[in-house]
Amino acid sequence: MKILKTGTMKDGTDIQIEEWNEDYSFMPYGNTLATYPKSKVSQEGPYAPKANERYRFDFEFNSHEEAETAYNELIEGTKTLSDFKNQLRNMKYQDCI
C-alpha cells in the first residue's frame, strides 16, 4: 500500500488517498479514501468503532478521479463523510460517520 495524498478536513479529521493496486491487482489504482474521524456511535465487537474514539473508515470509489474529487470536497468542506456513506467499504458502519 502506498499513500498518494494526505490532508486534514476542517473538523480536524485526517484523510488520505491510498493506492492498493500494487499489492492487490484487482483493485483500481488509487481508488481508496481513508479517514480517521471520531465515531458517532459504538458498534459491538472488540475491534469495532466506539463512540467518540478515532476509527479508520475507508471508502472505495470506481476510480482514482472519483476518490480525488471526494478528497477535495471533504478538505474544502463542501461535503461531509456522511455524503459518501454508499462508498464505505464496511457498510455496517454507516451510522458511525
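The structure is a predicted model, in which local features need pLDDT of at least 70 and side-chain atom pairs count only at pLDDT 80 or more, while totals for chains, interfaces and linings use all residues. Residues are numbered from 1 along each chain as its sequence is written, and side-chain values use heavy atoms, with hydrogens and water left out.

The overall layout comes next. The protein chain has 1 helix and 4 strands, where helices (H or I, at least four residues) and strands (E, at least two) are DSSP runs numbered from the N terminus. Starting at the N terminus, the order of elements is β-β-β-β-α. Along the principal axes, the C-alpha atoms of the protein chain fill a box of roughly 35 × 30 × 20 Å. The radius of gyration of the protein chain is 13 Å, which agrees with the value near 13 Å for a compact globule because the chain has 97 residues. This radius is taken over C-alpha atoms, and the globule rule is 2.2 Å times the number of residues to the power 0.38.

Of the 97 residues in the protein chain, 36% are buried. Buried means under 20% relative accessible area, exposed means over 50%, and partly exposed lies in between (1.4 Å probe, protein chains only). Among contacts with a separation of 6 or more, 46% join residues 24 or more positions apart; a contact means heavy atoms within 4.5 Å.

Thr 35 is an example from a strand. This residue is found in strand 3, which covers residues 32-35. Thr 35 counts as buried because its relative accessibility is 0%. Not counting residues up to four places away in sequence, Thr 35 touches Thr 13, Asp 14, Ile 15, Tyr 55, Arg 56, Phe 57, Phe 59 and Leu 81.

The loop between strand 3 and strand 4 (57-60) holds Asn 52. Most residues other than glycine have a negative phi. Asn 52 is not a glycine, yet has a positive phi of about 65°. With a relative accessible area of 60%, Asn 52 is exposed.

Lys 40 lies in the loop between strand 3 and strand 4. Its relative accessible area is 58%, so Lys 40 is exposed. Leaving aside neighbours within four places in sequence, Lys 40 is in contact with Ala 51, Asp 95, Cys 96 and Ile 97. Lys 40 and Arg 54 are 14 residues apart along the chain, and their C-alpha atoms are separated by 9.6 Å.

Lys 40 also belongs to the lining of the largest pocket. Which residues lie nearest the centre of the largest pocket? They are Asp 11, Thr 13, Pro 37, Lys 40 and Leu 81, out of 13 lining residues. Rolling a probe the size of a water molecule over the atoms shows where empty space is left. On a 1 Å grid over the protein atoms alone, a pocket is an open set of points where a 1.4 Å probe fits, with protein on both sides within 12 Å along at least five of seven lines, and lining residues have an atom within 4 Å of a point. The volume of the largest pocket is about 210 Å³. By class, its lining has 5 nonpolar, 4 polar and 4 charged residues. Ala, Val, Leu, Ile, Met, Phe, Trp, Tyr, Cys and Pro count as nonpolar, Asp, Glu, Lys and Arg as charged, and the others, Gly among them, as polar.

The segment after helix 1 (64-76) includes Thr 78. Thr 78 counts as exposed at 54% relative accessibility. Thr 80 is found in the segment after helix 1 and counts as partly exposed at 41% relative accessibility. Thr 80 and Met 9 are 71 residues apart in sequence, and 9.3 Å apart in space from C-alpha to C-alpha.

How values were computed. Grid points are joined across faces, edges and corners, and a volume is the space filled by probe spheres set on the points.
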